[in-house]
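Reader: I would like to go through the charged contacts of this protein with you, one question at a time. Could you take me from single residues to the wider arrangement?

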Amino acid sequence: MAQKKFKTEVSQLLNLIVHSLYSHREIFLRELISNASDAIDKLRYLTLTEDACKDLSFDPSITISFDDENQSYLTVSDNGIGMNDKDLEEQLGTIARSGTKKFLEQMEQESKKQANLIGQFGVGFYSSFMVAEKVEVLTKKAGEDQAWLWTSSGKNAYSIEPAQKDSHGTSITLHLTDDGKEFASSWQIEQLVKKYSDHIAFPIYLDYEAVSWEGEGDKRKQKKEHTRRQINTAAALWKRPKSELTEEDYHEFYKSLSHDTEDPLFYLHTAAEGTIEYTTLFYIPKQAPPDMYYADYKPGVKLYVRRVFITDDEKELLPPYLRFVRGVIDSEDLPLNISREILQQNRVMQNIRNASVKKLLSEFKKISENNPGLYEQFITQYNRPLKEGLYSDFANREQLIELIRFKSSQQEGFTSLASYVERMQEDQKAIYYVAGGNEETLRKSPLLDAYRKKGIEVLIMDDDIDDIVIPMIGNYQEKELKAINKSGAADDLKNDQDKEKEKDLAPVVEKIKKALKDKVKDVKISSRLTSAPACIVVDEQDPTVQMQQLLRAMGQNPDDQIIPILEINPDHPLVKQVQTADDEGYIENISSILLDQAYLVEGVMIKQPVDFVTRLNDVLAKHLNS
Ligand code: ADP
Ligand code: MG
């Protein structure tokens with residue numbers, strides 16, 4: 001029988017595959033099943049379009065059989081279109097596919113070390129040689145009489161000879177290498193089919209002689225039993241029309257996909273047709289995934305290409321702030337063997353990703369408008385990741401601002417910026433918020449009092465990232481967002497009377513400033529304190545004191561202490577004491593107490609508690625004695 005030489009590029013490719021993809025050699029089965037499925041797809045199309053094939057009786061199926069006794073071989077058969085001798089030569093003897101050619105060209109230019117690039121291009125059929133020392137392709141083309149056998153040991157030659165085969169289709173037998181023998185196992189095959197090919201649209205059967213042993217000692221006897229069973233689900237749920245699917249179908253699929261025991265909060269099924277064809281099915285879990293705040297969270301979206309599983313470990317399928325989404329993306333246009341590196345830059349993938357984000361965000365919006373109860377459940381779980389989107393997803397920032405929610409000094413539960421603005425007082429200049437620290441501390445902030453008295457609503461921002469992301473919003477509906485615990489908001493509440501008072505009290509301010517020296521950036525008369533004697537605010541550009549504490553806890557700029565501005569309440573007796581006092585030591589005591597207690601109220605530990613207590617006792621003693 002005549003041996004034919006592979007085209008040099010095939011030899012090169014074979015060499016590369018065997019050496020660079022070795023750790024992923026299990027993918028050979030996915031490739032063979034995918035080819036079988038393609039071959040059936042092609043024949044199915046012909047039976048629909050070609051008169052000559054219309055009468056072909058054809059019950060599509062893929063069968064995997066193997067040698068259970070000796071693990072010597074594994075066969076993947078299909079009843080698809082098959083190949084004739086010319087096809088065999090063209091398809092399996094050369095590299096017909098442009099993608100692989102391009103790959104080889106690139107390899108030549110870029111040094112052969114970058115073998116991992118190979119994942120970008122379909123390695124397909126040749127991946128069989130990672131587990132086989134010899135591959136036989138027995139095939140008969142639909143509508144032809146002659147069958148053919150293609151044989152190769154994968155070095156640099158192959159042969160094609162006439163053969164016998166009853167019906168159309170292809171049977172590919174891998175004579176396994178020692179390393180490949182592990183795949184001749186019903187357990188392994190089922191695992192791999194479940195993992196990679198469960199949703200191939202045709203049934204995949206496992207068909208083999210199961211070997212077992214009976215009896216004891218001398219009477220031990222081998223028993224063989226023919227087994228045939230379907231091992232895939234054979235229906236990609238996401239490819240079925242919505243109208244055919246019940247809510248229960250969706251929920252069951254979600255559970256099998258996510259391993260969640262609960263039903264999802266809601267889901268979103270989209271089939272996109274047009275220049276880029278793909279299907280997405282996304283689910284929002286009721287409970288945020290437990291690893292949502294870990295850097296090494298497990299992504300929840302699986303990528304399929306034409307119903308063939310590609311990966312479930314790709315964090316870039318959706319932006320990280322949507323990492324709580326579970327589901328499937330199935331593209332018609334991506335190459336089957338796309339690698340991670342390439343995936344992230346792939347234009348088709350980018351398009352799918354962008355469109356998916358838009359779809360999800362507009363679904364969230366719809367729910368916020370039509371189903372407030374459901375939205376509340378959603379936002380309770382996912383407000384915080386959505387906020388991350390404010391700084392990571394500039395393109396969708398406008399939408400995200402509408403989606404995120406805030407706690408409020410006046411409202412129960414959550415409020416949106418839009419409804420805050422609706423409730424704003426006529427002459428209110430800005431959207432006020434207080435950030436940094438936990439909800440309880442924030443709600444007790446002495447600064448809130450004045451706003452409460454004036455009926456001005458203040459948003460309570462207790463997420464640790466609020467301090468970073470909220471200033472990035474800047475303006476909303478032309479209203480500035482102002483942190484009341486920063487200096488910029490202080491002047492808004494002042495009226496003419498307050499300004500008059502400021503002038504009168506200038507000497508007090510001076511005394512305290514002198515006493516506190518560089519412990520404060522400035523001392524100001526507050527128009528927004530009612531019962532508390534003083535409070536600290538930070539300069540507009542500085543992080544709040546809580547933020548500084550957080551940064552220090554994370555090991556950042558530990559000694560770069562930011563100096564606050566002290567706001568004093570002119571009506572408070574302690575402040576009035578300063579007004580009348582002359583004794584510098586006494587003024588210093590009171591000034592320090594004002595500053596330290598303002599820190600304490602903010603939930604910030606003061607540096608010298610002993611000092612504070614001593615000063616406090618001095619002042620108390622003086623007044624008790626007088
Ligand atoms: P791809 O599937 O990307 O085209 P492969 O290397 O997997 O690349 O397969 C090469 C070619 O061999 C296929 O395009 C097809 O023409 C042919 N082929 C492989 N397996 C089969 C099969 N089971 N039935 C019919 N043709 C096949
Ligand atoms: Mg293929």
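**Charged contacts and their surroundings**

Author: In this predicted model, the side chains of D198 and K194 make a polar contact at 3.4 Å.

Reader: Is D198 buried or exposed?

Author: D198 sits in the loop between α5 (186-197) and β8 (204-214). Apart from its neighbours within four places in sequence, D198 is in contact with V193, I231, N232, T233 and A234. Because the cut-off for burial is under 20% relative accessible area, the 10% relative accessibility of D198 makes this residue count as buried.

Reader: How many salt bridges does a search of the whole structure find?

Author: One of the salt bridges joins E388 to R323, with the closest N and O atoms 3.0 Å apart. A search of the whole structure gives a total of 37.

Reader: How many residues apart are E388 and R323 in the chain?

Author: E388 forms a salt bridge with R323. This pair links distant parts of the chain, since E388 belongs to helix α9 (residues 372-392) and R323 to the loop between β13 (308-311) and β14 (326-331), and the separation is 65 residues.

Reader: Are E388 and R323 buried or exposed?

Author: Burial requires a relative accessible area under 20%. E388 has a relative accessibility of 11% and therefore counts as buried. R323 has a relative accessible area of 11%, so R323 is likewise buried.

Reader: Which residues are linked with R323 and E388 in a network of salt bridges?

Author: The salt bridge between E388 and R323 belongs to a network of salt bridges. Besides R323 and E388, the residues linked in this network are R384 and D464.

Reader: Which parts of the chain does the salt bridge between K387 and D463 tie together?

Author: The side chains of K387 and D463 meet in a salt bridge, at 3.0 Å from N to O. The two residues are 76 apart in sequence, so their pair ties together helix α9, where K387 lies, and the loop between β17 (458-461) and α14 (466-473), where D463 lies.

Reader: What is the relative accessibility of K387, and what is that of D463?

Author: The cut-off for burial is under 20%, and the values of these two residues fall on either side of that limit. K387 counts as buried because its relative accessibility is 3%. D463 counts as partly exposed, its relative accessibility being 23%.

Reader: Where in the chain are E457 and R423, whose side chains meet in a salt bridge?

Author: The N to O distance in the salt bridge of E457 and R423 is 2.8 Å. E457 is buried at 4% relative accessibility, whereas R423 is partly exposed, with a relative accessible area of 31%. The pair links distant parts of the chain, 34 residues apart, with E457 in the loop between α13 (446-453) and β17 and R423 in helix α11 (residues 417-423).

Reader: Which residue of β17 is the bridge partner of Y433?

Author: Strand β16 (residues 430-435) runs parallel to β17 and is joined to that strand by 4 bridges, while strand β15 (residues 407-408) pairs with β17 in the antiparallel sense over 2 bridges. Both faces of β17 are covered, with V458 and I460 buried on one side and L459 and M461 buried on the other. S408 stands opposite L459, and the bridge partner of Y433 is also L459.

Reader: How far apart do the C-alpha centres of domain 2 and domain 3 lie?

Author: The chain is divided into domain 1 (2-234), domain 2 (239-383) and domain 3 (407-625). Between the C-alpha centres of domain 2 and domain 3, the distance is 44 Å.

Terms used. Residues are numbered from 1 along each chain as its sequence is written. Chains are lettered from A and ligands numbered from 1 in the order in which they are written. This is a predicted model: local features need pLDDT of at least 70, side-chain atom pairs count only at pLDDT 80 or more; totals for chains, interfaces and linings use all residues. Side-chain values use heavy atoms; hydrogens and water are left out. A salt bridge is a side-chain nitrogen of Lys or Arg within 4 Å of a carboxyl oxygen of Asp or Glu. Buried means under 20% relative accessible area, exposed over 50%, partly exposed in between (1.4 Å probe, protein chains only). A polar contact is a pair of N or O atoms within 3.5 Å; within protein, one must be able to donate a hydrogen and the other to accept it, and residues adjacent in sequence count only if both atoms are side-chain atoms. Contact means heavy atoms within 4.5 Å. Two strands pair if DSSP finds at least two bridges between them. Domain bounds come from an automatic or database domain assignment.
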